[in-house]
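Please look through the sequence and the model shown here, and then follow the explanation below.

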Amino acid sequence: MEGVNYKIAAPQGVDPSTLFFVQVDKDKCQACGECETHCPTGAIQEMHPDGERGVVDPAACVNCGQCLANCPFGAISEQVSYVGEIFEKLKDPDTIVVSMPAPAVRYGLGECFGMPTGTYVGGKMHAALRRLGFGLVWDNEWTADVTIMEEGTELLERVKKGDKPLPQFTSCCPGWVKFAETFYPDLNAHLSTCRSPIGMLGPLAKTYGSEQSGIKSKKMYTVSIMPCVAKKFEGLRPEMNASGSRDIDATINTRELAWMIKQAGIDFASLPEEQPDPALGMSTGAATIFGTSGGVMEAALRLAYEVLSGNTLANPDIKVVRAHEGIKTADIPVPNFGTVKVAVVSGLQNAAKLCDEVRAGKSPYHFIEVMTCPGGCVNGGGQPLEPEMLQSSLFHSTVAKINRRFNQRRVG
Ligand code: SF4
Ligand code: SF4
């Protein structure tokens with residue numbers, strides 16, 4: 001699978017900002033410069049006389065993996081992998097390995113098994129996790145819902161009480177959070193104080209989940225499964241220990257999960273559809289759209305609309321904020337309140353423009369959603385390396401499939 005070395009020892013107790021999560025193989029690099037074009041931070045640059053690139057600064061790199069996803073010669077690979085450690089834990093009879101897959105993973109995984117781009121394989125994914133030996137199949141869609149309630153409530157408090165500055169930025173994308181911390185530290189108070197969905201699920205698994213399942217938290221080994229490379233950085237952040245131990249013991253991405261399924265000899269296509277385990281497995285349609293740009297905004301706005309106006313939304317679709325590239329803005333009229341002004345951004349160069357406006361005191365918005373990867377997590381740096389996915393028609397077809405599942409799942 002893509003020449004990635006998944007035998008690298010998992011990092012323990014290190015400062016993640018000193019690690020290279022991706023790096024260039026100088027011998028494979030053809031000096032084309034594509035990676036530099038797609039890098040939002042300038043962290044990848046010419047390092048050799050013949051023009052070969054390399055990641056020069058792990059502190060500036062936000063670990064988005066867009067250089068890796070866009071290198072036409074497969075010269076960039078991941079440098080941090082937990083796959084070997086997870087296989088060891090799966091064999092250990094004293095450890096219960098807990099799965100925590102993100103919403104977008106189930107739209108990318110099927111492609112690794114020959115299915116069309118964007119095929120929904122959530123049920124097969126749960127079945128595959130059980131066949132691999134995961135003792136608890138919990139799901140990050142559950143805390144995508146929790147995040148929406150928390151971020152929506154925080155936005156309402158900012159709007160009504162004025163205790164924290166507006167606009168509120170979303171805080172679920174780890175590449176964006178590192179970018180903001182590094183390049184706009186003066187705007188920290190604008191970032192939502194909520195953890196990301198996986199930042200919530202790790203500690204909830206080891207506290208509430210432990211209580212509900214009767215399994216002691218010290219026996220649990222939690223595995224975050226993401227469409228992303230930057231989530232490996234997030235899992236290693238020193239503050240991710242709200243449960244009293246490491247909240248997230250390991251992080252892998254869609255490509256690595258597919259590789260594990262293949263290594264285990266599981267026939268993915270013939271697996272049945274299975275549900276996640278109770279307690280931390282349920283979710284709504286709002287969690288489904290978390291994986292596309294505009295999804296977090298749309299879900300949080302529904303909550304804000306209903307609380308501020310006192311009215312129930314006749315139609316839960318707020319399509320005006322669904323965005324697929326660049327910056328999209330919208331004015332949402334809310335009865336009994338006025339107008340809520342929002343912006344949805346994907347790509348950090350676009351985010352920087354809005355940050356500059358906030359810094360200058362000229363931002364008109366209440367709420368800004370930022371996703372590092374173009375189009376959101378479905379195009380994350382940890383998804384299958386399918387050059388065709390970068391084509392607009394296939395990307396839009398994946399978004400359409402996510403929206404269709406949302407429509408099938410919505411209540412009332
Ligand atoms: S995109 Fe790949 S081949 Fe081109 S310069 Fe970057 S690392 Fe080298
Ligand atoms: S991972 Fe992202 S930020 Fe880091 S070098 Fe690659 S493109 Fe740039």
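Of the 102 residues in the largest nonpolar core, which touch the most other members? They are Val98, Trp176 and Val223. A nonpolar core here is a set of buried Ala, Val, Leu, Ile, Met, Phe, Trp, Tyr and Cys residues joined through C-beta atoms within 7 Å. A residue is buried if 20 or more other C-beta atoms lie within 10 Å of its own, exposed if 12 or fewer, and partly exposed in between, with C-beta atoms placed from the backbone. Helix 12 (residues 295–309) gives the largest share of this core, 8 residues. Domain 1 (16–78) and domain 2 (143–194 + 285–382) both contribute residues, so the core lies between them; the domain bounds come from an automatic or database domain assignment.

This is a predicted model: local features need pLDDT of at least 70, side-chain atom pairs count only at pLDDT 80 or more, and totals for chains, interfaces and linings use all residues. Residues are numbered from 1 along each chain as its sequence is written, while chains are lettered from A and ligands numbered from 1 in the order in which they are written. Helices (H or I, at least four residues) and strands (E, at least two) are DSSP runs, numbered from the N terminus.

Leaving aside neighbours within four places in sequence, Trp176 is in contact with Leu348, Ala351, Val370, Met371 and Thr372; contact requires C-beta atoms, placed from the backbone, within 7 Å. Val370 and Met371 are both buried residues of strand 12. Strand 12 (residues 367–371) has 5 of its 5 residues buried. Phe367, Glu369 and Met371 lie on one side, and Ile368 and Val370 on the other.

Strand 7 (residues 168–169) pairs with strand 12 in the parallel sense over 2 bridges, and Phe169 stands opposite Ile368. Strand 11 (residues 338–346) also runs parallel to strand 12, joined to it by 5 bridges, with Val342 opposite Phe367. Strands 10 and 11 are antiparallel, over 8 bridges, and Asp331 has Lys341 in strand 11 as its bridge partner.

Next comes helix 10 (residues 254–263), in which 7 of 10 residues are buried. These are Thr254, Arg255, Glu256, Leu257, Ala258, Met260 and Ile261. Their cover includes helix 3 (83–91), helix 5 (122–132) and strand 8 (220–226). Gly265, with a positive phi near 70°, follows the helix.

Pro101 lies in strand 5 (residues 96–101). Pro101 is buried, with 28 other C-beta atoms within 10 Å. Not counting residues up to four places away in sequence, Pro101 touches Arg106, Met125, Asp139, Asn140 and Ile225.

Two ligands remain. Ligand 1 is surrounded by 13 residues, the closest being Cys29, Cys32, Glu34, Cys35 and Cys71; a residue counts as near if its C-beta atom, placed from the backbone, lies within 6 Å. The shell around ligand 1 has 9 nonpolar, 2 polar and 2 charged residues. Ala, Val, Leu, Ile, Met, Phe, Trp, Tyr, Cys and Pro count as nonpolar, Asp, Glu, Lys and Arg as charged, and the others, Gly among them, as polar. Around ligand 2 there are 15 residues, with Cys39, Ile44, Cys61, Cys64 and Cys67 nearest. That shell has 10 nonpolar, 5 polar and no charged residues.

Terms used
Two residues are in contact if their C-beta atoms, placed from the backbone, lie within 7 Å. Two strands pair if DSSP finds at least two bridges between them.
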